Each structure stands twice: as structure tokens, then as C-alpha cells.
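Colleague: I would like to learn how to read a structure, feature by feature. Please take me through this one.

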Amino acid sequence: MPSTTRASRSGSEADRSARRRGTVVGAACTATATGLHDQSRPAIFHSRDLRKWTGTRMNSTRRGPLTCAQREWFMDVGIDADSPWSYATNFTSVVHGAGAPVGVVLAAIGDLLDRHEGLRTLLPATGPGQREQHVLPTAERLGEVVRVAPAGPETDQAIAAATATAFRLGEQQPVLFVLEVAAGAVQRIGIVVDHCAVDGWGMRVLRTDFLQALRRRASGHPAFDGQPAPEQPLETAEWEMSEPGRAYAERAEAYWRRQLDALRDGLSGWRPTSGTAPADPVLQSRWLASAHAARAAQAVATRTGMPVSAVYLTAFGSVISLVEGSPCAGIRSLAANRLSAGTQASVRKAVMPVPVLVPGTGDLAARLTATASNQLHGHRFANVDPARAAAISAEVLGELADTGAAAARFNYIDASIVGSAANSRSLGAEAIPFTDPAVQDRITEQPDRPGGSRYILSVQHRPAAALMTIACHGDTAWAPAAGDMLRHVEDVLVRASE
């Protein structure tokens, strides 16, 4: 096996060369065919060296527009996409390396990037509020995404540093791999991905595909031989601009308009308690790990036959109506938006919001049925151009369009989406072990940070425990009440289960 390092120059010269030629500086060690040796200079992987293992095809850079889901992401997070705080939404996963040789792992990484174009795509700005996709050849800049660390605390530190990476999406591929190496064998691989390129479902696909590539490479077989190719982001964007894509968009926009018309009528006479968002908003987050809420929601879903997500959505709608003083709530429920086999096999970020009208008062069973029905029908019509969705919202709702009673985002995650192992901790950098009784039954405040969505509701659910989160801008009516709102949701669920 050829050497994987080039450490003949001084550290400072090597660092300058790394920046010039697009290489990755690893930990202060050198990976070789015979093992990992401590050095005073960092290991540097070069794409031409990695190409010897990957054997992936070379092709020219391809360019095209963003998908609706990509545009929705940038529209929602705004300048956060390029801010120092963008790392807060990164996805991180650590998988076992099974002692595979470094070369085998590098080949598996090449296979994964070859299969999923979004992991090797740059998203440079082309004008104010405009970006496009630049899909790179698999092996052209592979060295930029690989880091190596010796086994032990150095690897944990390297994974933490990768997790805290604020990806510069116009210049940097949205993924990093950290290899823990001992005596030439890889023990663990940390994988960090920017949220613009992946969602919870996609992260499960990524783990599955990478582990398959690792096993197949280790046994000397092609990683994905004979498997159908997943849908690629650039293909999705091209379809969205096609005649069938435009026909779908017309139906989806009509659905949005009907839902927002109903929300406007439901909010008739109501006026918001919060003003417009300030120029420099501050995001405040509160979370509650609760076994009581999870068991209650599961019991209600079992008794009524309704989805667990709809049970939580109804409870959150109730507390929004209480805090806002509104007769109902319009919540943008995030849908998986994976209606084809190709999309389900893709790692790409596909999740998109769809408006769901949640009654705030009346019989709970009736409210739950109405919410579940609206949520179910909306799943088919989530993939709407975000600029068109914003225009329709402004036209139909006017001054109510961006209020807490009309525009909160709701994200529900369970094992069917991300897998059971991933769903035992929160998916963010904090990795909260919400199934641990030691962290349950208390309101926890996360550090404030700039930016973020104005109103966010989220649930990670397991039958025995759930993590419920409310995040909002500090100037909203929700901010001082967020902890009480979470307790109210828990109470609504427990009462409903009795």
C-alpha cells in the first residue's frame, strides 16, 4: 500500500501548500502503510494520493440551480448560512471502523462521495440571495474532507473540532471525515455534515451506505454494484424546472393557498402580540426531556389510531393559541418530502415545511382528527418554491404572515426517520442523552446565539422518552414563556392520555 502522507517540508511550508492545493491537515501524526506515528508536523492528505485507493471516475464540474429544499434552507437561515454560528445545525455521526486499513476506509469514502453528489457540491453565491450548485468530480478535492488523528483523546478532540466547523458553502464541501487510526487500522470514523446537504433521514442513509461501502471494500467487492442510483440534488432541481415539475408546483401552490385561506379565516379579528423581527435577532432555546410526555403521546396515538407526530402537533397548537391569544394556530410542519424510491435512497436535504391548521379550542379528539388530516394531506405538497410560498403567505395573511400564530416551524423525529441509535440523543452538537433519567423533568436553557428561525418547535420521540424544544427570538412573546409552554404541552399530553 502506498504511503498516505507527505511530511518532508517544514510545518509552516506544508500548511501553506495545503491551503494552495486543497489538502487537509490532520492531527499531529503521520499515517503510513505500517501505522500511525507521532510527528511534530501534521499529516497532510493529497487528492492525488487518495485517488490511488478510491479508483473513482473523474468527470468535469457540473453546475445548475438549487433545489426548492436548498433554497428554502437558505431563505430560512438567511445570513446564518455563512455565519460563525452555522455549525449549530451540523449533523455528526460516529461509526466503527472495524479495524479496516486506512486505504480501505479512504476507498469507502470515495465510494460514498461518488454515490451522493450533494456531499461534494459547492453552493457559491451568484448574486444577492442567489446561489447555484457546483458538483465537483469525486476525487478532485477528496483530500479536503479527510482528517486523521491517533487513537484516544486526540480523536475525540478532532471530532469535536469538525463538529464545530462553520462550513463556507461556496468554497468548502459540506462534509468532513475524521479517522481514528492505530497501527494502520481505523477504529472509528467521525462524519460531520452541514445541514444544507443532509437532513435526519439523509443522515441515516449516509451511515447505511458508508458502512456498506466499508464492508464491501474490505471484502474486495464494488460498494454499490447493481444497486439503483439515488436521486441527486442537481437532478431534482432540473426536474422542478421541467413541465411535470411545474405542473406539480401549481397543484402544491393551490393547496398552500387553501390552507392559508382557512388559517386567515380562523384568525379573523386576532392581532399579534409580537412585533416584526429586529435586524439582529437573538435565538433563545429551551428544552425539556420528558418520559411523561412520550408515554402519554404514545398512549393517545395507540388509543386513537392517529400518528404520534399529530398528537404532539395538536398539543403545541394548543399552547401557541394560549400564549398568542389566538383561536387557532398555523404551524409549518416539516415533511420528509421523499415520495419516490430515488429520493428515499438519497442523503440530500429534502425536508420541507407545509402549513397545517391546528384548532386551538374545542374537543381534543376533534382537534386531533382535524390536525392529523391536515398534516397527512399536506405531505404531498411540501415541495414548494420558498419564494412562491412566502409570496402566497404575504398575499393571503398580510401582517399575520410571520407571526407566532401563523409561521412556527414544527419538526418531529423518531427512529423511523433517523434510526434507533441516532434517536437516543439530540441530533445537534450538544448530543443530549434525553432517555437518561438524570436529564429529565427539568427545563434546560441553551446558550443564546444570533439569528435562527423566529419560531421553532421540535420533538425527538421514543416510546419511553422525548426531547421537546422551543426556540424563538428573544423579542417575541414566546421568549419569557418558553419553559412554561413546554410544561403546558406535557400537561396537555398527560391529561389527554388519562
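Modeller: Start with a salt bridge, which is a side-chain nitrogen of Lys or Arg within 4 Å of a carboxyl oxygen of Asp or Glu. Here the side chains of arginine 338 and aspartate 199 meet in one, at 2.9 Å from N to O. The pair links distant parts of the chain, 139 residues apart. Arginine 338 sits in the loop between strand 15 and helix 11 (341–344). Aspartate 199 sits in the loop between strand 13 and helix 6 (200–218). This is a predicted model, where local features need pLDDT of at least 70, side-chain atom pairs count only at pLDDT 80 or more, and totals for chains, interfaces and linings use all residues. Residues are numbered from 1 along each chain as its sequence is written, and side-chain values use heavy atoms, with hydrogens and water left out.

Colleague: Are arginine 338 and aspartate 199 buried or exposed?

Modeller: Buried means under 20% relative accessible area, exposed means over 50%, and partly exposed lies in between (1.4 Å probe, protein chains only). Arginine 338 is buried, at 5%. Aspartate 199 is buried too, at 5%.

Colleague: How many salt bridges does a search of the whole structure find?

Modeller: The search finds 19. One of them joins arginine 188 to aspartate 156, with the closest N and O atoms 2.9 Å apart. Arginine 188 lies in strand 13 (residues 185–193) and aspartate 156 in helix 5 (residues 153–163), so this pair ties together parts 32 residues apart in sequence. Arginine 188 is partly exposed, with a relative accessible area of 22%. Aspartate 156 is partly exposed as well, at 41%.

Colleague: You keep saying strand and helix. How do I read a sheet?

Modeller: Helices (H or I, at least four residues) and strands (E, at least two) are DSSP runs, numbered from the N terminus. Strands of a sheet pair through backbone hydrogen bonds, either parallel or antiparallel. Two strands count as paired if DSSP finds at least two bridges between them. In this model, four strands form an open sheet in the order 6-13-12-11, with mixed pairing. Its edges are strand 6 (91–101) and strand 11 (146–150), each pairing on one side only. Strand 6 and strand 13 run antiparallel, joined by eight bridges. Within that pair, alanine 100 stands opposite valine 186.

Colleague: Which strands does strand 15 pair with?

Modeller: Strand 15 runs antiparallel to strand 16 (residues 352–359), with eight bridges. Serine 333 stands opposite valine 354 there. Strand 15 also runs parallel to strand 17 (residues 408–413), with three bridges. On that side, arginine 332 faces arginine 409. Now look at cover: eight of the eight residues in strand 15 (residues 328–335) are buried. Cys328, Gly330, Arg332 and Leu334 point one way, while Ala329, Ile331, Ser333 and Ala335 point the other.

Colleague: And how do I read two helices that pack?

Modeller: Check angle and distance. Axes are lines fitted to C-alpha atoms, for helices over the stretch in contact, and angles run from 0 to 180 degrees between N-to-C directions. Helix 10 (residues 308–324) and helix 12 (residues 364–378) pack at about 115°, their axes 9 Å apart.

Colleague: Which residues meet there?

Modeller: Contact means heavy atoms within 4.5 Å. From helix 10 come Ser309, Ala310, Val311, Leu313, Thr314 and Ser318. Helix 12 brings Leu364, Arg367, Leu368, Thr371, Ala372 and Gln375.
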